[in-house]
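Please keep the sequence and the structure in view while reading.

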Amino acid sequence: MKIIIIGAGPAGVTAAETVRSFDRRSEISMLTDEPYLPYSPPAMADHFIFHTDNHLWRSADWPVQTGVNYLKGVRVVEIEPDAHQIRLASGAKIPYDKLVIASGARLYAPVKGAEMPGVYNFKSLSAAESIVEKVRSGQARSALIVGAGFIGMEIALLLRELGVEVTQIEMLDQVMAAMLDAETAAIAVALMRAHGVDVRLNTKADEFIGNGKARGVRLESGELLTADLVIAATGVKPNLDLLSSSGITFQRGIIVDNQLRTSAPDVFAAGDCIESPNLVTGETGLHAIFPNATEQGHVVGMNLAGLQVRYEGAERMNSLKHLGLPIMAAGEKQGDTILQNKTGTNLRTIYLRDKRIVGFQLVGDIGAAGVLHALMAQKSDVSHLEARLLDPGFGEGMLVWNAIQSYT
Ligand SMILES: Cc1cc2nc3c(=O)[nH]c(=O)nc-3n(C[C@H](O)[C@H](O)[C@H](O)COP(=O)(O)OP(=O)(O)OC[C@H]3O[C@@H](n4cnc5c(N)ncnc54)[C@H](O)[C@@H]3O)c2cc1C
């Protein structure tokens with residue numbers, strides 16, 4: 001069987017490894033438009049700060065070891081499901097028996113002028129390298145970051161580590177609004193400011209400005225902000241260009257069934273490019289985080305091997321590890337019952353619905369994360385545990401969360 005995987009991110013890599021663990025004979029080709037071997041985006045900041053190579057989460061001989069024909073710097077521009085072939089930017093066509101779309105997501109910047117040269121982003125290793133190169137070559141002493149989601153926060157802290165003066169604007173009244181509740185976000189913003197990041201909330205960019213090259217932004221208020229380095233961190237959107245004439249169904253992301261099959265025969269999809277059901281709420285949406293990408297890649301790999309495995313649903317979780325105080329959030333940030341405990345710099349907030357944990361936020365002491373996550377994922381009735389959930393010792397020693405986080 002001839003299997004083609006588009007994308008060498010966590011979803012594509014895991015799909016390849018999984019199918020290979022069941023099937024030594026199929027011919028697997030993996031195509032990426034990037035010039036690198038597989039890397040881990042969450043580990044990019046550490047790579048630049050500490051000069052580690054942990055972002056290269058697979059060894060240089062991974063393609064040979066895994067038996068994957070690894071094609072770098074190759075862009076897929078079209079999928080032709082009827083002919084069972086893909087078309088490359090070079091015009092070449094490659095046939096497949098089974099196809100996996102793991103094309104991930106890219107920057108989404110709904111701000112006028114975002115296409116202008118000089119608007120940087122941190123969504124890929126090459127994009128991140130351009131930012132760091134500007135700083136290390138002495139061309140950038142100040143940076144303006146538009147957006148304070150988790151990628152924006154990560155860039156801000158990285159740039160502070162590199163000695164850059166950072167202004168960060170956020171149109172909402174809190175940072176990481178998709179993930180953090182207001183109280184946890186207030187702690188995160190205070191820590192950002194303590195790191196020297198000038199975070200400005202309720203501050204909306206109307207337009208990137210510059211004479212052919214971005215120099216700053218015009219705010220909704222009319223004020224102009226300028227910096228040596230202008231960075232958009234306004235969100236991500238799935239890479240779907242290659243689907244335009246394929247007939248494969250997509251909305252915000254690729255629509256898949258519960259075995260991660262797309263609407264086209266023999267075409268699967270996984271990772272940031274798909275829409276998936278939320279494990280806790282059942283709502284379908286984009287769930288662009290690393291563990292979801294690898295889990296989906298795993299399911300696709302098993303289904304390629306003919307095992308008929310069902311995908312149960314995606315998680316919502318995130319952690320901030322460069323603030324000096326760990327912050328972790330998972331699941332929802334509302335419920336019919338809220339349990340909270342604050343001691344010193346530690347904050348633990350747990351959201352329950354119908355006696356089940358639907359989300360939690362931890363600041364400082366994150367020892368309970370593993371057990372809280374397990375109880376949430378299993379939808380366990382925790383009424384008998386309610387009194388203990390806030391106990392500082394609860395869940396200590398549970399390593400599940402550490403295992404989940406070990407990819408960074
Ligand atoms: C800075 C940063 C920090 C992050 N931190 C965290 C974190 O702390 N925790 C967490 O859970 N998640 C984090 N994430 C998100 C996580 O990295 C993504 O969810 C994950 O990488 C998605 O994997 P993927 O395989 O679906 O897609 P990607 O990793 O996006 O890989 C897709 C690949 O496909 C390639 N491609 C796309 N289109 C084509 C085409 N037409 N032809 C050929 N190749 C193509 C892309 O260039 C890319 O290399 C972070 C992301 C970033 C950018």
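## Enclosed space

A cavity is a set of grid points where a 1.4 Å probe fits but cannot get out. In this predicted model, there is one cavity of 30 Å³ or more. The volume of the largest cavity is about 40 Å³.

Its lining is formed by Asn278, Leu279, Val280, Glu315, Arg316, Gly331 and Met376. By type, three of these lining residues are nonpolar, two are polar and two are charged.

## A buried histidine

Glu315, one of the residues that line the largest cavity, also takes part in a polar contact: its side chain meets the side chain of His373 at 3.0 Å. His373 belongs to helix H8, which covers residues 369-377. Is His373 buried or exposed? His373 counts as buried because its relative accessibility is 6%, and buried means under 20%.

## An open pocket

The second largest pocket has a volume of about 170 Å³. Arg106, Leu107, Tyr108, Ala109, Ala114, Glu115, Val119, Asn121 and Lys237 form its lining. Five of the lining residues are nonpolar, one is polar and three are charged.

## Nonpolar cores

In soluble globular proteins, nonpolar side chains tend to be buried together. Here, the largest nonpolar core comprises 49 residues, and those with the most contacts inside it are Met30, Ile79, Ile86, Leu99, Ile101 and Ile254. Neighbours within four places in sequence aside, the residues in contact with Ile254 include Ile101, Leu240, Leu243, Ile248 and Cys273.

A second, separate core has 46 residues, among them Tyr36, Leu158, Met179 and Ala188.

Note on methods: Residues numbered from 1 in each chain as written. Predicted model: local features only at pLDDT ≥ 70, side-chain atom pairs only at ≥ 80, totals over all residues. Heavy atoms only, no water. 1 Å grid on protein atoms, 1.4 Å probe; cavity = no way out; pocket = protein on both sides within 12 Å on 5 of 7 lines; lining within 4 Å. Points joined across faces, edges and corners; volume = space filled by probe spheres on them. Nonpolar A, V, L, I, M, F, W, Y, C, P; charged D, E, K, R; others polar. Helix = DSSP H or I, 4+ residues; strand = E, 2+ residues; numbered from the N terminus. Buried < 20%, exposed > 50% of the residue type's maximum accessible area, 1.4 Å probe, protein only. Polar contact = N/O pair within 3.5 Å; in protein donor to acceptor, adjacent residues only side chain to side chain. Core = buried A, V, L, I, M, F, W, Y, C linked by side-chain atoms within 4.5 Å. Contact = heavy atoms within 4.5 Å.
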